Amino acid sequence: MEPEWIDALLSGEWPEERCRAIEASLEKDDEARSELIRQASIDAALKELWRDESGHQTSEAFAKGVMARLESVGGRAVARSVLSEIIEEREWRAKTHLWWGWRRRAEVRRRDREDRQRFQSDWWKAAAVAALLVGIGIVVLQSVSLTQGSRITVAPGLEGVYLARVTSHQDAAWAASSLHQIREDGWVKEGRLDLLAGHAEVAFNNGAKVLLEGPVVFSVETDARGFLERGRIAAEAGGKASGFVVNTPRLTAVDVGTRFGITVGGTGESEVHVLQGAVEVSRVSGNSVPLLVREGGAVRADDRPLSQLAQVEFRGEDYALPAAPASDLHLPFIRYQFEGTGGILKQNGMGLSGSAYEASLLSDAEFPGKPKRSPGIFGNALVFRDTEGLSLGSVGRFEENSGFTASFWAKLPPNEDSLVEGGNLLTLVDPENHPLWQASWNGDGELGAIGALRVSGQGGGACTATTDLRDGRWHHLAVRYVGGDGGFGMLTHLYVDGKIERISALRSGSLRISGERGDSRLVLGALPSHSVRGFTGQVDEVYFFQGAASPALIQKHAAEGALNVLSDQE
Amino acid sequence: MGDEVSDKDLIGRVRDGHLDAFEEIVLRHASRLRAFIAMRLPVPHLIEEIAHESFVWAYRHIDEFEDGSDLGRWLRAIAYNLVRAEVLRYSRSERNQEKYLEHCLVEHSGRGLAAGADTPMVALLEECVERLPEAQRALLKRRYRLAESSEEIAKALGRSEAWVRTTLFRIRHALRECIEHKAGPQPV
């Protein structure tokens with residue numbers, strides 16, 4: 001190998017293609033590789049020794065970074081862990097840190113330009129998707145049929161999982177590549193959204209909302225993290241969504257409960273403007289010390305990998321806030337509060353069933369054991385033993401592949417030896433009392449985390465959350481099925497106390513619905529006729545929505561105990 | 001007043017709760033500590049992060065520093081341990097195997113750490129640079145102090161870019177041999 005090649009590799013002066021060719025030679029040449037390593041250590045040491053004079057980040061700037069970290073107690077651990085997570089999941093680091101990183105960035109920009117030119121010719125497809133998105137939110141219930149599922153997968157990846165939803169838009173024109181990312185009803189999988197023009201609001205599953213202002217390229221990475229590649233966004237992520245992360249080529253912004261705007265320019269330079277609350281901002285490379293930027297503050301990371309964050313003039317007026325929270329209380333729903341006295345329970349709600357249904361707490365042939373009333377999270381609740389069950393009213397018919405949301409409170413006794421087998425909390429049954437899907441706490445380690453919320457369909461689809469519920473405390477639980485093709489487990493989101501849960505085990509299986517069987521019903525606890533074991537504990541404030549409720553609505557239920565909504569029986 | 005005495009005073013002030021005194025310590029030792037890390041783990045972003053973590057660790061354990069000992073050596077020992085931890089962490093990530101060059105450098109670093117933290121590699125490097133002929137020192141200055149490209153250097157010296165790159169290669173090779181001669185062979 002020519003000595004010149006090694007210097008070119010270290011200096012990063014040659015094009016990436018040529019550097020790659022040298023790399024390939026090195027793989028086969030032990031002697032050259034050994035020499036490269038020797039050269040690299042001297043090269044790096046000389047750069048560090050003389051960096052103060054070379055115009056790169058100086059020791060003074062480095063010292064300021066260290067001091068900033070020492071002065072900001074608390075936030076550092078969050079930012080570092082987020083940074084590590086991002087680095088492990090995405091290979092952007094390789095693009096910015098290798099010696100020829102600038103070449104890779106140029107390649108990324110060139111690819112983007114090509115994409116954009118190609119997408120512009122497909123504007124009419126984008127318009128068609130925009131039109132389809134108008135119809136979000138209207139779903140009708142039918143009965144259900146199920147097919148066989150596939151094997152359990154522990155700790156699944158994100159592929160196939162819907163992480164967010166486009167909840168509203170205005171004059172939105174999406175690039176052709178984004179058509180594959182957005183389902184007709186707005187659900188978004190992991191991937192890149194290229195909005196050529198107009199505005200669109202994306203609601204993440206953790207409750208954060210991001211307003212995209214076209215032209216913008218924004219990737220949904222997890223249910224609580226996005227990557228702004230280019231353009232401008234405004235984000236709102238308070239309450240349970242705190243900790244929402246927006247990453248850019250140059251910085252990481254971790255929400256601490258606030259609203260903020262971010263702009264990324266053509267070479268990755270990034271600005272964060274905090275409109276309300278505070279945001280922890282750190283660079284993704286070099287001295288990644290987080291700075292806590294408060295309301296009215298703004299910082300900028302330029303396109304040099306090792307330079308510091310710089311304060312800039314606040315321009316909050318440039319960032320349109322996300323639109324008012326989209327109300328999904330129009331979704332048909334049914335509600336059980338378990339209030340009143342005597343042996344009768346009344347349901348109310350809106351748009352489902354049409355008439356009130358009264359469930360008796362007195363024993364009958366179907367359920368010899370019925371629950372009792374007890375003080376609950378909000379007024380009265382029902383207290384169950386594992387042999388007891390209660391049939392509630394009709395929730396109507398499902399449309400095939402339509403979504404639903406069950407949102408309720410439950411309390412399980414503290415983790416004891418006797419509480420090891422799992423138990424059924426809530427079941428949807430068809431008119432013949434065949435269970436269609438059920439929510440339970442998991443007692444089998446092979447099916448995911450013990451004690452965690454688990455939802456399973458008779459066709460084999462299932463997913464298990466991670467939080468052990470057996471602690472003697474009230475927990476708000478929500479099961480949201482987004483509907484559509486792709487498997488019941490994959491299309492289901494589980495929330496505990498308003499926060500979306502990590503899935504400890506997943507089995508994909510479809511939940512198809514046949515409209516021939518008539519109305520379905522909810523059953524709490526045991527299903528005596530099918531020998532399904534119930535649970536020991538309490539249930540309160542059960543809501544069933546005919547459609548996928550927003551994280552905001554689920555979090556409102558978790559925060560307030562009950563939802564202050566109108567019903568058509570009141 | 002020598003550095004050692006000043007370091008002692010600064011450490012005393014840090015222990016008394018004066019955070020600004022620690023900034024002076026960072027300013028004084030950052031460059032050499034970073035160079036020390038660079039010689040063991042020449043991956044730019046890891047140098048930055050490990051140097052940063054070393055100073056933070058030092059601040060949080062400042063009471064453990066033995067009065068009268070060499071602060072620079074203590075910092076190097078901290079950095080050495082962090083480098084070792086980083087090498088272990090790095091090697092556990094299969095994803096990192098895909099970055100070939102970086103992987104080579106880290107892997108080498110893992111093998112070479114037996115040299116320990118006490119070898120004053122940076123001081124040896126500076127000595128060896130001083131022993132270079134003036135023309136070679138000037139070339140290093142252009143590349144590393146003035147951050148000139150090979151093309152700029154070639155134009156200034158009336159040489160080809162290939163000559164610049166090859167000469168820099170040879171100078172670095174000579175520096176490495178000089179260090180090894182002074183310190184004893186280093187594992188590669």
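How many helices and strands does the secondary structure of chain A come to?

**View 1. Chain A as a whole.** The answer is 10 helices and 33 strands, taken as DSSP runs (helices: H or I, at least four residues; strands: E, at least two) numbered from the N terminus. This is a predicted model, in which local features need pLDDT of at least 70, side-chain atom pairs count only at pLDDT 80 or more, and totals for chains, interfaces and linings use all residues. Residues are numbered from 1 along each chain as its sequence is written, while chains are lettered from A and ligands numbered from 1 in the order in which they are written. Of the 570 residues in chain A, 54% are buried (20 or more other C-beta atoms within 10 Å of the residue's own, with C-beta atoms placed from the backbone).

**View 2. Helix H1 of chain A meets helix H9 of chain B.** The axes of H1(A) (residues 3-11) and H9(B) (residues 161-183), lines fitted to C-alpha atoms over the stretch in contact, come within 8 Å and cross at roughly 90°. The two helices are therefore roughly perpendicular (65 to 115 degrees, on a scale from 0 to 180 degrees between N-to-C directions). Contacts (C-beta atoms, placed from the backbone, within 7 Å) involve residues including Ile6(A) and Asp7(A) of H1(A), and Leu168(B) and Phe169(B) of H9(B).

**View 3. Stretches of chain A to view with care.** Over residues 73-113 of chain A, pLDDT is below 50, and over residues 118-158 of chain A it stays under 50. Where pLDDT is low, the predicted coordinates should not be read in detail.

Note on methods:
Parallel < 35°, antiparallel > 145°, perpendicular 65-115°, else oblique. Contact = placed C-beta atoms within 7 Å. Buried ≥ 20, exposed ≤ 12 C-beta atoms within 10 Å, placed from the backbone. pLDDT = per-residue confidence, 0-100.
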